[in-house]
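Before reading on, please take a moment with the sequence and the structure shown below. The paragraphs that follow lead from a pocket to the sheet and helices, and then to a few single residues.

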Amino acid sequence: MDYLATYKRLFAISQAGLQYGQDIFDKERYEELREISLQLLYELGNEPTEPITDLFSHEIGYQTPKVDVRAWIFRNDQVLLVEDRKTKEWSLPGGYADVGYAPSANVEREVREETGLTVKARQLKAVFDTDLRKDIPQTFQYYKLVFECEVLSGYFVENSETTRCEYFSLNNLPKLSIKRTTIEQLKILYEQKGNGYFE
């Protein structure tokens, strides 16, 4: 049994009930279900309760997957990666999609913030569903949208998120931040031709 997926589903059901339930007694039951699901997540992760409570504190209303946008920037058979300031691990540039912007505008903004480069998103290259990666358990489900981008101008600018950006060949990669970018994803993107990869 996939306990993480089950507990996340329980949490999502409780949130939907709290959002749409009309009966006051049903809402009390959904609130109790929410607390039980959070407790199960605490125990599964063997984590202190405070960080997980804080993580879920803003999760109100009907639960849907989160959207993560990433840029595929390829040059001379090498892909552009950024180094995270805190973990010192590398990934495709990108992050959460902000409300009010098209996905392509989101990825262009993320690249500018993390690398200093001005890019143009040319096409959606792949969509990855993080829930399909059972070897990398994550609290939330993400749809990872990867856009092929063209560099128009710019150079690396010091920022609060990343310390470096560099091009790497697939056979000489640095330590990856596997919750952001995996070697399997990079291989799919490298080999992808035609209309894109969707899972």
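A pocket, as the word is used here, is an open set of grid points where a 1.4 Å probe fits and which has protein on both sides within 12 Å along at least five of seven lines, and its volume is the space filled by probe spheres set on those points. Rolling a probe the size of a water molecule over the atoms shows where empty space is left. In this structure, which is a predicted model, the largest pocket has a volume of about 690 Å³. Its lining consists of 25 residues, and those that lie nearest its centre are Arg70, Gly95, Tyr96, Tyr142 and Arg180. Two or more lining residues come from each of the elements β1, β3, β5, α4 and β7.

Five helices and nine strands make up its secondary structure, and from the N terminus on they run in the order α-α-α-β-β-β-β-β-α-β-β-β-α-β. Of the 199 residues in the chain, 42% are buried, while the accessible surface comes to about 11600 Å², with 52% of that area belonging to carbon and sulfur atoms. When contacts between residues at least 6 apart in sequence are considered, 68% of them join residues at least 24 apart.

Which strands form the open sheet, and in what order? Five strands take part, arranged as β5-β1-β7-β6-β9, and their pairing is mixed. At the edges stand β5 (94–96) and β9 (197–198), each of which pairs on one side only. Strands of a sheet pair through backbone hydrogen bonds, either parallel or antiparallel. Between β6, which spans residues 117–129, and β9 the sense is parallel, and the pairing rests on two bridges; here valine 127 stands opposite phenylalanine 198 in β9.

Two helices lie across strands of this sheet. Helix α5 (residues 183–191), for its part, lies across β1, β6, β7 and β9, at about 110 degrees to β6.

Beyond strand β9 comes the segment in which glutamate 199 is placed. Glutamate 199 and threonine 130 are 69 residues apart in sequence, yet their C-alpha atoms are 9.5 Å apart in space. Apart from its neighbours within four places in sequence, glutamate 199 is in contact with Val127, Phe128, Asp129 and Leu132. Is glutamate 199 buried, partly exposed or exposed? Because its relative accessibility is 37%, glutamate 199 counts as partly exposed.

The backbone deserves a look at two loop positions. Most residues other than glycine have a negative phi, and most peptide bonds are trans. Aspartate 77, although it is not a glycine, has a positive phi of about 65 degrees, and its place is the loop between β2 (74–75) and β3 (78–84). With a relative accessibility of 45%, aspartate 77 counts as partly exposed. Lysine 88, also a residue other than glycine, has a positive phi near 65 degrees, and it is found in the loop between β3 and β4 (90–91). Its relative accessibility is 43%, so lysine 88 counts as partly exposed.

Note on methods: Residues numbered from 1 in each chain as written. Predicted model: local features only at pLDDT ≥ 70, side-chain atom pairs only at ≥ 80, totals over all residues. Heavy atoms only, no water. Helix = DSSP H or I, 4+ residues; strand = E, 2+ residues; numbered from the N terminus. Buried < 20%, exposed > 50% of the residue type's maximum accessible area, 1.4 Å probe, protein only. Contact = heavy atoms within 4.5 Å. Areas by Shrake-Rupley, 256 points an atom, 1.4 Å probe, with all protein chains shown as cover. Pairing = 2+ DSSP bridges. Axes fitted to C-alpha atoms, helices over the stretch in contact; angles between N-to-C directions. 1 Å grid on protein atoms, 1.4 Å probe; cavity = no way out; pocket = protein on both sides within 12 Å on 5 of 7 lines; lining within 4 Å.
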